[in-house]
Amino acid sequence: MVKKENKKTYTLILAGISLAIVVLLGYMLTAGNQTKQPWKLIFVPKTIDPTNGFWTTLIEGAQLGAKEYGAQIEVMGEITEENVEEQIRIIRACIDKKPDAILVAPCDYIKTTDVLQEAADKGVTLILLDSVVERDVADCVVATDNYEAGRKLGIYAKSLLENETDPKIGIIAHVQGSSTAMDREKGIRAGLGNDEKGIKDVVFCDSSYDKAYTLTVHMMNKYRDLDLLIGTNEYSAVGAARAIQDMKLENKVQLIGFDSLIEEIQLLEEGVFQGLVIQKPFNIGYLGVEQAVRILEGSKVQKNRFVGSKLITKENMYEIENQRLLYPFTGQKETIESNY
């Protein structure tokens with residue numbers, strides 16, 4: 001009788017174990033067949049202007065990053081960089097959508113701080129691209145080291161003015177109050193050294209080609225003996241170059257600037273520009289998404305990811321490495337630096 005009961009107990013135990021195995025296998029198969037929901041990201045650039053090479057390239061970098069990291073990305077933006085209030089409204093709309101992460105290129109160092117703080121306070125992963133704000137609100141920043149980029153341009157400017165005893169300089173800047181404009185101007189002044197005293201005027205074009213053109217014409221009429229003009233972004237540099245060409249002043253005033261719009265590259269070849277500091281917008285967008293996904297997955301990331309810049313002149317523009325920077329879609333992925 002005892003043997004029969006032991007046998008019955010043993011049989012029940014085996015049945016229980018078998019059932020547990022079946023349930024576990026079923027759970028594993030079901031879990032394996034479930035598709036992981038993609039992370040939902042929203043990117044708010046400074047502008048979605050389709051004529052702007054820097055921002056269209058940066059957006060494309062972010063879109064490729066999302067594709068490769070299995071995330072969904074929505075781009076929400078305004079055509080003009082100077083419309084800070086509209087960018088604030090867009091960021092609030094993004095918060096209401098409750099994405100997993102928001103990537104933002106803030107238009108203003110001070111004015112956009114509060115709305116970004118709102119996003120951080122609600123637990124949204126926040127990545128700042130290209131620019132920063134006055135408070136440390138972001139989980140990560142991916143940008144050019146704008147002070148260092150400006151310093152490179154300032155050092156080069158000083159070399160162009162070495163034969164001038166009393167150099168006269170004008171700066172066509174982009175958006176007053178943006179961290180990029182402030183940091184680049186500080187860097188330019190540091191690079192100029194003693195020649196900083198030659199800066200006669202700093203004006204802001206609000207990232208408009210036409211306004212940069214008009215400001216350049218006014219500056220050249222006001223200071224007819226300017227030796228050098230500096231544009232601090234694509235809009236300001238291109239607008240200034242167009243004005244210099246139309247005024248037939250290519251051989252009178254030297255011009256340097258930022259970014260690598262095709263028009264800028266052509267004007268560098270023609271000698272209208274003496275030099276350009278080239279950024280890596282594709283890398284900024286791609287790495288911004290990479291950082292966002294890594295944070296969402298619980299991995300540690302660098303708080304600040306500075307993406308390099310380089311001074312390009314007519315003398316070095318045909319070097320293979322520099323051609324890749326000037327024409328990033330010939331091999332852009334190979335230029336992306338990652339520490340992971």
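Six strands form an open sheet in the order β7-β6-β8-β9-β10-β12, with mixed pairing, where strands, like helices, are DSSP runs numbered from the N terminus (E, at least two residues, for strands; H or I, at least four, for helices), and two strands pair if DSSP finds at least two bridges between them. At the edges stand β7 (199-204) and β12 (310-313), each with a single partner strand, so one side of each is left without a neighbour in the sheet. From one strand to the next the twist averages 15°. This is a predicted model, in which local features need pLDDT of at least 70 and side-chain atom pairs count only at pLDDT 80 or more, while totals for chains, interfaces and linings use all residues. Residues are numbered from 1 along each chain as its sequence is written, and side-chain values use heavy atoms, with hydrogens and water left out.

Strand β6 (residues 169-173) pairs with β7 in the parallel sense over five bridges, and Ile171 has Val202 in β7 as its bridge partner. Helix α8 (residues 234-246) packs on the sheet and touches β6, β8 (228-231) and β9 (254-258), contact meaning heavy atoms within 4.5 Å; the direction of α8 makes about 155° with that of β9, axes being lines fitted to C-alpha atoms, for helices over the stretch in contact, with angles from 0 to 180 degrees between N-to-C directions. Helix α9 (residues 262-270) also packs on the sheet, touching β9, β10 (275-278) and β12, and its direction makes about 145° with that of β10.

Turning to the rings, the charged end of Arg184 sits over the ring of Phe258, 4.4 Å from its centre, the criterion being NZ of Lys or CZ of Arg within 6 Å of the ring centre and within 35 degrees of the ring normal. Arg242 lies over the face of Tyr209, at 4.9 Å from the ring centre.
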